Protein chains: 2
Amino acid sequence: MTDTEKMLRNIDDNLDLSIAKLLELIAIPSISSDPESAADILRAAAWLFQELVSIGFESEIIETAGHPVVLARAGGTGKAGRLLFYGHYDVQPIGERAQWSHAPFSPELVEEDGKTRFYGRGASDSKSQLWTFIEALRAWKAVKGDFPAEIVILLEGEEESGSASLPAFIDAHREALACDVAFICDAEMWSPTEPAITTRLKGLVHERVTVATPNPELHSGLFGAVAANPIRILAAILAGLHDDAGRITIEGFYDGVEDIPAGLRADWRELSRQTALFDEVDLAGGIIEEGYTTLEAMWGRPTIDINGVTGGNQGPGERSVLPATATARLSFRLVPGQDPDRIRARFRSHVEARVPKGCSVSFHGDGGNSAVALAEDSPYLAASRRGLETEWQQPTRLIGSGGAIPLVQLFKDMLGAECVVIGFILSGDAIHAPDEHYDVERVLRGARSWVHILKELEKLQKSTAAKI
Amino acid sequence: MTDTEKMLRNIDDNLDLSIAKLLELIAIPSISSDPESAADILRAAAWLFQELVSIGFESEIIETAGHPVVLARAGGTGKAGRLLFYGHYDVQPIGERAQWSHAPFSPELVEEDGKTRFYGRGASDSKSQLWTFIEALRAWKAVKGDFPAEIVILLEGEEESGSASLPAFIDAHREALACDVAFICDAEMWSPTEPAITTRLKGLVHERVTVATPNPELHSGLFGAVAANPIRILAAILAGLHDDAGRITIEGFYDGVEDIPAGLRADWRELSRQTALFDEVDLAGGIIEEGYTTLEAMWGRPTIDINGVTGGNQGPGERSVLPATATARLSFRLVPGQDPDRIRARFRSHVEARVPKGCSVSFHGDGGNSAVALAEDSPYLAASRRGLETEWQQPTRLIGSGGAIPLVQLFKDMLGAECVVIGFILSGDAIHAPDEHYDVERVLRGARSWVHILKELEKLQKSTAAKI
């Protein structure tokens with residue numbers, strides 16, 4: 001039995017224990033955007049710290065202005081260079097509890113559709129993701145007594161709320177984080193049987209806008225015919241953000257937007273023909289920007305999404321009220337060429353110009369991140385591709401994503417590191433939604449994938465070394 | 001000292017006790033539209049029952065399919081005919097508690113702006129209103145040992161949620177409710193020093209609409225560019241309800257609408273010149289239907305008001321979600337010629353035609369009431385007018401209202417009774433809004449007004465009797 005076979009066997013044999021531990025982690029409600037979850041964020045960080053120590057990493061929990069980072073390091077006698085693995089242990093809010101049919105933070109194994117599933121916020125995004133590389137590294141160390149390379153593990157606690165503290169953290173730890181390649185493990189597979197590497201990621205800007213009238217709440221019967229209604233004003237603004245062709249109407253919104261490269265466009269059109277992506281998602285009623293295919297719109301075109309709206313009577317009874325304020329929460333998904341600050345400023349000007357005189361508008365939000373287009377011709381990417389193919393026995397697709405991973409651009413800019421974005425999320429996992437779930441098989445095969453990738457990286461280093 | 005002077009003196013002398021009792025009533029959170037308030041509704045009914053018994057009424061608490069009615073009757077040796085007094089003891093929901101700077105259900109006397117005020121939901125609308133006629137009748141009985149006429153008092157418990165049980169109640173109690181004139185005490189003064197009688201009331205239809213996409217919640221980054229967003233669909237529908245001239249775009253909405261009579265229009269234009277109505281309300285940003293003055297729009301033109309909207313992320317953190325549903329709560333204020341059921345049906349067709357195929361829409365709401373235009377030349381109205389003028393020493397204005405009093409049409413139709421709508425609410429009372437309030441002086445002068453009105457009614461009956 002080769003070492004590789006022993007490592008894979010070790011992962012297979014350890015599966016029950018590995019899953020039991022993962023469910024412990026998912027049970028911790030580490031919601032980074034909710035101030036009331038601060039203690040749980042710390043619990044999750046401490047839990048990961050202990051796991052990493054137990055498999056031989058020098059680990060630290062490092063405070064930031066936001067939530068702490070878990071940073072773990074180990075030397076290695078192997079030849080795969082210096083590798084960084086990134087994951088995030090924070091999760092999205094659960095939304096409305098009543099919409100979940102499983103408890104969001106009490107995961108259990110459920111046999112369903114031929115899978116052994118578990119439900120919970122963070123089950124897919126992203127606790128199972130970071131667990132795959134931790135489990136692979138554990139197995140490697142168990143079999144070989146050492147790691148294949150110098151390893152840095154960075155586990156973030158505020159990815160789901162915008163990674164605001166990360167730039168300062170990276171800046172303060174440039175030396176510790178220096179690496180040849182950073183693996184960002186928080187992304188999708190192409191299908192349940194086909195692996196993928198994500199090479200294009202959208203940028204993300206969150207923004208909250210509140211329209212206020214000059215009055216407190218009024219009786220809508222008495223004053224509805226004559227006084228301003230902030231919901232009516234807000235609805236007009238929201239409805240006017242797109243034209244009939246599905247294009248965004250904000251002046252200058254598309255300034256600097258780079259067109260999707262022709263080669264990528266051709267690849268994506270090819271993928272469009274064979275996607276199972278929409279087996280679980282119904283696009284009825286969706287408006288796709290004119291001139292683009294579904295995948296092009298998803299991966300290559302900027303969007304505005306309305307994530308929430310609130311104003312006036314929220315029930316349970318009816319109330320004849322003219323509200324004083326109405327609020328919308330929006331997010332912008334950016335493509336290469338768009339600057340988060342400039343987009344936010346243009347949106348605010350657009351809205352301000354549409355709020356009637358005498359009424360007022362306030363905005364909440366800052367920061368955000370730009371889109372990323374990664375190299376598609378690097379040896380690290382090629383090695384990762386081969387590693388994935390060894391496990392899945394299917395070609396690895398190069399895909400885009402509408403999701404944002406703020407860290408990728410930071411790593412490129414601040415560490416000069418090459419980034420490879422790999423993950424095992426599926427579009428049917430209900431991430432950010434009620435009943436988020438994952439399955440045991442993907443935990444197993446994810447961990448096994450990382451063993452194959454590490455093996456390919458070793459070969460790569462050897463051949464590079466041989467050339468010198 | 002005449003009997004009238006004795007009665008007024010009695011009211012003046014009893015003021016502290018009367019106010020103390022009224023504050024007890026306001027402290028009961030009798031929110032008719034909230035199922036959790038059922039016990040408080042009953043408490044309020046029982047409290048009123050006991051008060052009415054204590055001043056000599058035969059009283060009953062009568063269950064309905066909704067909330068109970070308090071019905072009280074007394075014979076009278078006076079000559080003022082058979083009189084019915086109507087009030088409602090239920091209140092609107094409080095909305096968001098944080099927007100109140102006074103506790104909604106713990107009223108206390110506060111010296112403010114030269115007034116002795118008290119704050120609370122129902123302080124103005126309508127517990128102080130019903131209290132004025134109860135206090136006047138108490139004083140009359142105390143001085144004269146009897147009432148000036150046969151009196152019927154009807155206190156309703158679901159006015160603020162649409163009076164759904166009232167038609168059946170009236171039908172079942174036609175004999176007990178038979179009267180020469182019904183005084184509906186739930187309306188506004190023209191200004192803090194000028195009394196009014198309301199002769200035109202709008203109808204009211206409440207409606208809730210929920211747009212749903214074919215999917216559960218989705219990740220807005222992944223699917224926002226291609227899948228339906230129910231908030232975007234709803235915003236477009238809400239924004240499209242009015243055209244640029246402020247007219248409602250629903251097909252057939254204005255069918256049958258009677259134009260405001262020329263005489264009334266002239267009177268209202270005259271009143272427009274001297275209104276203090278907007279000293280406390282700022283119309284900036286409001287859109288008044290083209291071709292109409294402010295008072296004409298308020299009192300004589302139908303409206304759609306958006307009372308609430310809810311969808312997707314409600315906070316506290318940001319969440320990249322594509323919601324599954326979005327809901328708006330609307331109310332329609334109708335004028336003579338519009339039928340509630342027909343308006344609701346036309347609205348639903350309008351919305352259904354604007355929801356994309358594959359998405360769905362559901363509606364919640366039924367019933368509603370039509371607008372009312374009352375006679376402006378009746379002897380009861382003339383007598384009431386004189387009574388008010390005796391107390392306030394100012395002309396009584398005939399006004400309209402955007403508010404609805406469903407009962408008026410029912411009384412006209414089912415009992416054939418003449419209705420006179422009188423009240424002492426001011427536009428600055430913040431009814432249906434946070435920090436609703438009222439003042440002691442208006443409780444006092446309201447009660448005194450009813451003594452003068454009863455006196456005028458006695459004269460009226462005497463002169464009628466003399467003629468026969």
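Author: Let's start with a word we'll need: a residue is buried if 20 or more other C-beta atoms, placed from the backbone, lie within 10 Å of its own C-beta, exposed if 12 or fewer do, and partly exposed in between. This is a predicted model, in which local features need pLDDT of at least 70, side-chain atom pairs count only at pLDDT 80 or more, and totals for chains, interfaces and linings use all residues. Residues are numbered from 1 along each chain as its sequence is written, while chains are lettered from A and ligands numbered from 1 in the order in which they are written.

Reader: Which residues does A:W140 touch?

Author: Leaving out residues up to four places away in sequence, A:W140 touches A:M7, A:F147, A:P148, A:V451 and A:L454. Touching means contact: the C-beta atoms, placed from the backbone, lie within 7 Å. There's also A:N10, which is 130 residues from A:W140 in sequence but 8.7 Å away in space, C-alpha to C-alpha.

Reader: Nice. What does helix α4 of chain A lie across?

Author: Helix α4 (residues 123–144) of chain A lies across β5 and β18 of chain A, at about 35 degrees to β18(A). For such angles, axes are lines fitted to C-alpha atoms (for helices, over the stretch in contact), and the angle between N-to-C directions runs from 0 to 180 degrees.

Reader: What is the order of the open sheet with β18?

Author: The order is β4-β5-β18 in chain A, an open sheet of 3 strands with antiparallel pairing. Strands pair if DSSP finds at least two bridges between them. β4 (109–112) and β18 (437–439) are the edge strands, each pairing on one side only, and the twist averages 40 degrees from one strand to the next. β5 (residues 115–119) and β18(A) share 3 bridges, and A:R117 has A:D439 in β18(A) as its bridge partner.

Reader: Switching to α4 in chain B: how far apart are its end C-alpha atoms?

Author: They are 30 Å apart, which agrees with the 32 Å that 22 residues should span at 1.5 Å a residue. The expected span is 1.5 Å times one less than the number of residues. α4(B) is also mostly covered, with 19 of its 22 residues buried. Next comes B:G145, with a positive phi near 75 degrees.

Reader: Back to chain A. Why is strand β3 largely enclosed?

Author: Because 6 of the 7 residues of β3 (residues 82–88) of chain A are buried, the rest of the structure largely encloses this strand. β3(A) runs parallel to β6 (residues 150–156) of chain A, joined by 7 bridges, and A:H88 is partnered by A:E156 there. β3(A) also runs parallel to β7 (residues 181–184), with 4 bridges, where A:Y86 stands opposite A:I184.

Reader: What covers β7(A)'s list: which residues sit on each side?

Author: A:V181 and A:F183 are on one side, A:A182 and A:I184 on the other, and all are buried. β7(A) also has 4 bridges to β17 (residues 418–422) of chain A, again parallel, with A:A182 partnered by A:C419.

Reader: Last topic! How many residues of chain A are in contact with chain B?

Author: 80 residues of chain A are in contact with 81 of chain B. β11(A) gives the most to chain A's side, with 9 residues. Across the pair, 5 bridges join β11(A) to β11 (residues 303–312) of chain B, running antiparallel, and A:G312 stands opposite B:G308.

Conventions:
Contact = placed C-beta atoms within 7 Å. Helix = DSSP H or I, 4+ residues; strand = E, 2+ residues; numbered from the N terminus.
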